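Dear colleague,

Please find the structure below, together with its sequence. My notes on selected features follow it.

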Amino acid sequence: MKRMLRAVAAMGLLAGGLVPLQAAAAPPMVYVAMGDSYAAGSLVLPAKELLTCARSAVNYPSLIAKDLQPATFRDVTCGGATTTHFANPQPGIITGTAAPQYDALSEDTTVVSVGIGGNDIGLVGLAFSCVNLLPQGVGTSCKATNTAGGVDKLAQKIDAFAPTYGTVIAQIRQRAPHAKILMVGYPTGIRKGGCWPVVPVWSQDADYLQAALTRLNKRMAEQAAAHGATYVDLATPSVGHDMCKPAGTRWIEGLIPSVTTNGLVPLHPNAAGLRNAVPTVLAAMGVPSKA
């Protein structure tokens, strides 16, 4: 018996150290994608679900799933979603009802990507309020309106919302305790100084809007770090591809979307924006792209 035990122990020796006789097999990948229209790729064609969530078949979660071929892929991203819709049903954009996004999580989930927050703070609505067809100085600046009295109301709203990211991470971990959680930030929206009248927003208002988006991303990154999740920076790689750029270069649409770029929702990513998010998200997963 002793001779047998010594033989078995010897089989575990490699390069002067002990190694397991058999490495534990990695669990099959179960990928759940959560989030709003930026993650859903709303109205970027082809669509895999149109009336309830306007979910694209070529959003970045679907492209990642095509690349990695997980054992299970659940895409519950939905246009118009807020963090409230993670725990509660969401009325459809045109018809139907989307189930709470947390319902897609399970004990065996291994990866979760989350892109959320813009609708919670009303960022797109604010952007439309900043549209000004009149030349600079003729009319009212939305920055001036939102910072009247020396108080930046939008910045306050973003800071007040920030802890919700931590709550989301905690809720995901409760339902999917073994998952790697990726908090996916928003891409760069508009260049410094804007590009009036191509995008009819005054220069100071363009900078104000981008500063708000940067602040939201920063708060997301802080909460991710504080709660053991991974922040995915889409803002840096999208610099130079903002809505001021011409078709073929821009990754996010302006106020008048272009059919040629396959992006039909104003102020949202087009097909190129979704496609170019994939390498960054894959890198955060620790997986090289096969493309």
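Leu267 is buried, as its relative accessible area is 7% (buried means under 20% relative accessible area, exposed over 50% and partly exposed in between, with a 1.4 Å probe and protein chains only). Please note that this is a predicted model, in which local features need pLDDT of at least 70 and side-chain atom pairs count only at pLDDT 80 or more, while totals for chains, interfaces and linings use all residues. Residues are numbered from 1 along each chain as its sequence is written, and side-chain values use heavy atoms, with hydrogens and water left out.

Leu267 also has a positive phi of about 65° although it is not a glycine. Its place is the loop between strand E11 (230-232) and helix H10 (271-285); helices (H or I, at least four residues) and strands (E, at least two) are DSSP runs, numbered from the N terminus. Gln69, in the loop between H3 and E6, likewise has a positive phi, near 55°. Gln69 is exposed, with a relative accessible area of 57%.

Two cis peptide bonds deserve mention. One joins Leu45 and Pro46, with omega about 5°, and Pro46 lies in the loop between helix H2 (37-40) and strand E4 (47-49). Another joins Trp196 and Pro197, also with omega about 5°; Pro197 is in the loop between E10 and H9. For background, most residues other than glycine have a negative phi, and most peptide bonds are trans.

Helix H8 (residues 163-175) has 13 residues. Its buried residues are Tyr165, Gly166, Val168, Ile169 and Ile172. They cover an arc of only 160° around the axis, which puts them on the same side of H8 (the arc is that of the directions from the helix axis to the C-beta atoms). Among the elements they pack against are strand E3 (30-35), helix H7 (153-161) and helix H9 (203-226).

The axes of H7 and H8 come within 4 Å and cross at roughly 25°; axes are lines fitted to C-alpha atoms, for helices over the stretch in contact, and angles run from 0 to 180 degrees between N-to-C directions. H7 is therefore roughly parallel to H8 (angles under 35 degrees count as roughly parallel). Asp159, Ala160 and Phe161 of H7 meet Pro163, Thr164 and Tyr165 of H8 in this contact, where contact means heavy atoms within 4.5 Å.

Kind regards

Key. The expected span of a helix is 1.5 Å times one less than its number of residues. Angles under 35 degrees count as roughly parallel, over 145 as roughly antiparallel, 65 to 115 as roughly perpendicular and the rest as oblique.
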